[in-house]
Amino acid sequence: KFFGESHRDTIIAATNHGLCLRHLGRHADALAIHTAVVALSEKTFGPMDVLTLTAQNNLAMVLSMQGANGLAEDVLRPMIANSVLTYGASDERTLTSQSNLAKCLKTQGGNAKLSESVRLERSIFKICKHTMAPESPKLIDALTAIGRTLFFCGQYEKAAQYDRKVLALTKRRFMEESEEMARAANNLALDLAHLNRAAEAETLTRRALRATILVFGHGSGDHKIMVQNLEMVLDDQNKMSEKIKVRTMGMTCGA
């Protein structure tokens, strides 16, 4: 009413509304708002403006959440090219958008897209390595992304190499009983389980489970997943009595 629909403050308010709807799980409503914001920002400020780039990234994210990763890719590719020109290739906003594109490519599958995803993730890591501290969360995320893509491609030995580095860096940055440590330990455990190294995988899964219980509590979705992972590696070792104990007692922090 006061500024008009094309005013920067109006567009920022609409963007925030769309983000709130996305976090509430109302993806269809968020998509409608972000689509309108992108069109209005491009028309009013042009494709290189910060508001336009932010709006396009938000649109791509909600498209991806709805499973429309091909459409998200179409939004992200020109947006990243403009982001490089506006912010620079090593700017965190450019790297975040490239990471989002890598996730979209990975989700779509196919050798070509998976290969491009790996190349993107390695490029992001290379930039982070030269511009950020070794324990930087962004650098850890970049390494994690490479490891998960290699795991997704069935390259478990290579995935384990990256995930060991992630675990070491995460240990230096975060407390043992943290969400980050639980995730890092679990990722490496999954690699090792697929390499038939169940004993080491069990140790790491128990470590991840203890952290998960302390962070999220018993009965949470993450707790249930960790328990299932532990049952899997116990199965691999024919530790049936341990598996029954895990299932019946639900695991305690001291397990």
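Colleague: Which residue lies over the face of Tyr-162?

Modeller: Lys-165 does, at 5.4 Å from the ring centre. Bear in mind that this is a predicted model.

Colleague: And what sits over the ring of Phe-45?

Modeller: The charged end of Arg-8, placed 4.6 Å from the centre of the Phe-45 ring.

Colleague: How many aromatic pairs are there?

Modeller: The count is 1 aromatic pair, taking ring centres within 6.5 Å as the rule.

Colleague: What describes a pair of aromatic rings?

Modeller: The distance of the centres and the angle of the planes.

Colleague: Is Ile-146 buried or exposed?

Modeller: Ile-146 counts as buried because its relative accessibility is 0%, and the cut-off for buried is under 20%.

Colleague: Switching to Met-79. Where is Met-79 found?

Modeller: Met-79 is in helix α4, residues 69-86.

Colleague: Buried or exposed? And why does Met-79 count that way?

Modeller: Met-79 counts as buried because its relative accessibility is 3%.

Colleague: Which residues is Met-79 in contact with, leaving aside its neighbours within four places in sequence?

Modeller: Leu-53, Gln-56, Asn-57 and Ser-97.

Colleague: How far apart are Met-79 and Ser-64?

Modeller: In sequence they are 15 residues apart, and from C-alpha to C-alpha they are 15 Å apart.

Colleague: Now the loops. What is the phi of Asn-196?

Modeller: Phi of Asn-196 is positive, about 60°, although Asn-196 is not a glycine. Asn-196 lies in the loop between α9 (179-194) and α10 (198-216).

Colleague: Is Asn-196 buried or exposed?

Modeller: Asn-196 is exposed, because its relative accessible area is 71% and exposed means over 50%.

Colleague: What about Asn-238, where is its place?

Modeller: Asn-238 is in the loop between α11 (221-236) and α12 (240-249). Its phi is also positive, near 60°, in a residue other than glycine. Asn-238 has a relative accessible area of 65%, so Asn-238 is exposed.

Colleague: Zooming out, how many helices and strands does the protein have?

Modeller: There are 12 helices and 0 strands. Along the sequence the pattern reads α-α-α-α-α-α-α-α-α-α-α-α.

Colleague: What box do the C-alpha atoms fill?

Modeller: Roughly 65 × 35 × 35 Å, along the principal axes.

Colleague: What percentage of the residues is buried?

Modeller: Of the 255 residues in the protein, 46% are buried.

Colleague: And what share of the contacts comes from residues 24 or more positions apart?

Modeller: Such residues account for 56% of the contacts, counting contacts with a separation of 6 or more.

Terms used
Residues are numbered from 1 along each chain as its sequence is written. This is a predicted model: local features need pLDDT of at least 70, side-chain atom pairs count only at pLDDT 80 or more; totals for chains, interfaces and linings use all residues. Side-chain values use heavy atoms; hydrogens and water are left out. Rings of Phe, Tyr and Trp (its six-membered ring) pair if their centres lie within 6.5 Å; planes under 30 degrees apart count as stacked, over 60 as edge-to-face and the rest as tilted. A charge sits over a ring if NZ of Lys or CZ of Arg is within 6 Å of the ring centre and within 35 degrees of the ring normal. Helices (H or I, at least four residues) and strands (E, at least two) are DSSP runs, numbered from the N terminus. Buried means under 20% relative accessible area, exposed over 50%, partly exposed in between (1.4 Å probe, protein chains only). Contact means heavy atoms within 4.5 Å.
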